[in-house]
Amino acid sequence: WYAAQNHIPVLAARQEVVLDGVCRLGQAELERVRSHFGFAFASERFEDVLARKPDIVVVASPHHLHYRHAAAALEAGAHVLCEKPLTLDPAEAWDLVAKAEAHGRHLVVANGYQYLPQVDDLRRRIADGAIGAIEHVMVSFISATRDVFTGDRGLNSWRTTFFRPDPSTWQDPANGGGFAYGQLSHALAMMYFLTGLEPEAIAAFSVASDHVDIAEAGALRFTSGAVASISGAAAMPQGNRALLRLFITGDAGLLTAEFDRDLCEIRRFSGEVEHLPLKADDWVYRCDGPVHALVYLALGRGANLSPGAVGATTAATIASLLQSAGAGGAPQAILGRNDRV
């Protein structure tokens with residue numbers, strides 16, 4: 001449903017892109033997409049689309065199918081944009097990263113926040129020591145998605161021209177339903193993108209409604225020795241912008257990034273205070289950035305600001321977070337690239 005809302009329209013507007021093949025279940029729905037956007041070919045079998053050897057592939061299927069579809073697309077030789085979460089199984093996420101590298105393909109995750117103005121520059125500034133060696137991070141994300149995870153009225157808050165998402169994708173924990181995979185993934189991906197930290201272990205708790213998580217809080221330890229507190233909830237009233245805030249402290253100062261207020265400042269122990277030159281609504285969420293990046297990367301240009309490794313680290317963190325919450329907050333190790341079996 002989100003491909004028809006966001007990804008396909010962005011691709012259709014680009015002159016370099018030919019919409020060759022499209023796949024989804026349901027013949028009537030499939031034909032609506034094919035005819036509206038002008039795809040040359042349509043099939044309910046993803047194998048038929050990949051047999052046409054596309055240059056780029058967007059995987060926007062339900063969470064629990066991402067690995068199967070993305071792996072097949074990479075093996076078919078395509079550069080891939082995969083919706084978040086990258087996978088539910090951390091080992092499968094890292095396997096996708098390995099497959100992309102082995103086939104010389106780009107793996108992009110649909111985390112749009114990383115492509116907003118000033119974000120990549122902020123990442124570089126942190127890496128260059130803007131606040132020194134990172135010691136602590138606090139990150140929180142609160143979005144207007146409660147009915148997405150618990151509602152019974154057809155997910156009215158997520159309207160689209162063509163479809164509304166199947167409730168089981170968002171409300172069935174077996175399919176990756178719940179706030180952690182569906183929304184906290186945005187905040188965790190941003191944290192890992194900005195800091196470059198590698199997680200080691202997590203202890204967490206969650207709040208559930210109708211058997212699906214709608215809020216969580218946890219403490220992270222990184223391999224560098226730094227620590228973080230992470231939290232989030234499906235608690236923002238409808239019609240309001242999602243709250244995403246990060247506070248990153250180092251041995252030389254503090255960085256605050258408030259995406260819901262278009263504010264970012266760096267305060268150093270030297271007394272210097274710096275404000276990023278942000279305009280109103282610069283940091284309102286949008287997800288065209290990853291789609292454009294996929295095209296540019298396939299053409300040999302641009303940069304991947306939401307790479308598979310960040311997506312895999314995020315997926316592994318969420319899997320361990322939920323394991324810890326299910327075990328009463330007992331700390332859980334987080335699967336890293338080198339831990340992959």
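Two strands count as paired if DSSP finds at least two bridges between them. The views below show a predicted model.

**View 1. Strands S4 and S5 run side by side in the model.** Strand S4 covers residues 79–82 and is joined to S5 by 3 bridges. The two strands run parallel. Within this pair, Leu81 stands opposite Val108 of S5.

**View 2. An open sheet is built from 3 strands.** The strand order is S3-S4-S5, with parallel pairing. Strand S3 (56–59) and strand S5 (107–109) are at the edges and have a single partner strand each, so one side of each has no neighbour in the sheet. On average, and with direction ignored, neighbouring strands of this sheet are turned by 15 degrees against each other. Helix H10, made of residues 289–298, packs on the sheet and touches S3, S4 and S5. The direction of H10 makes about 170 degrees with that of S4.

**View 3. Helices H5 and H11 meet along their sides of contact residues listed here.** Helix H5 spans residues 90–103 and helix H11 spans residues 308–326. Their axes come within 8 Å and cross at roughly 175 degrees. Angles over 145 degrees count as roughly antiparallel, and H5 and H11 are therefore roughly antiparallel to each other. From H5, the residues in contact are Pro90, Ala93, Trp94 and Val97. They meet Gly308, Ala309, Ala312, Thr313, Ala315, Ala316 and Ala319 of H11. Sorted by class, this contact has 9 nonpolar and 2 polar residues, and no charged ones.

**View 4. The second largest pocket has a lining of 17 residues.** Its volume is about 400 Å³. Trp94, Glu198, Thr313, Gly336 and Arg337 are the lining residues nearest the centre of the pocket. Strand S7 (199–209) and helix H11 each supply at least two residues of the lining. The largest share, 3 residues, comes from H11. By class, the lining of this pocket has 8 nonpolar, 5 polar and 4 charged residues.

**View 5. The largest cavity holds about 50 Å³ of space.** The count of cavities of 30 Å³ or more comes to 1. Lining the largest cavity are Lys84, Pro85, Leu86, Val109, Asn111, Ser185, Gly311, Thr314, Ala315 and Ile318. Helix H11 gives the largest share of this lining, with 4 residues. The lining residues divide into 5 nonpolar, 4 polar and 1 charged.

Terms used:
Residues are numbered from 1 along each chain as its sequence is written. This is a predicted model: local features need pLDDT of at least 70, side-chain atom pairs count only at pLDDT 80 or more; totals for chains, interfaces and linings use all residues. Side-chain values use heavy atoms; hydrogens and water are left out. Axes are lines fitted to C-alpha atoms, for helices over the stretch in contact, and angles run from 0 to 180 degrees between N-to-C directions. Angles under 35 degrees count as roughly parallel, over 145 as roughly antiparallel, 65 to 115 as roughly perpendicular and the rest as oblique. Contact means heavy atoms within 4.5 Å. Ala, Val, Leu, Ile, Met, Phe, Trp, Tyr, Cys and Pro count as nonpolar, Asp, Glu, Lys and Arg as charged, and the others, Gly among them, as polar. On a 1 Å grid over the protein atoms alone, a cavity is a set of points where a 1.4 Å probe fits but cannot get out, and a pocket is an open set with protein on both sides within 12 Å along at least five of seven lines; lining residues have an atom within 4 Å of a point. Grid points are joined across faces, edges and corners, and a volume is the space filled by probe spheres set on the points.
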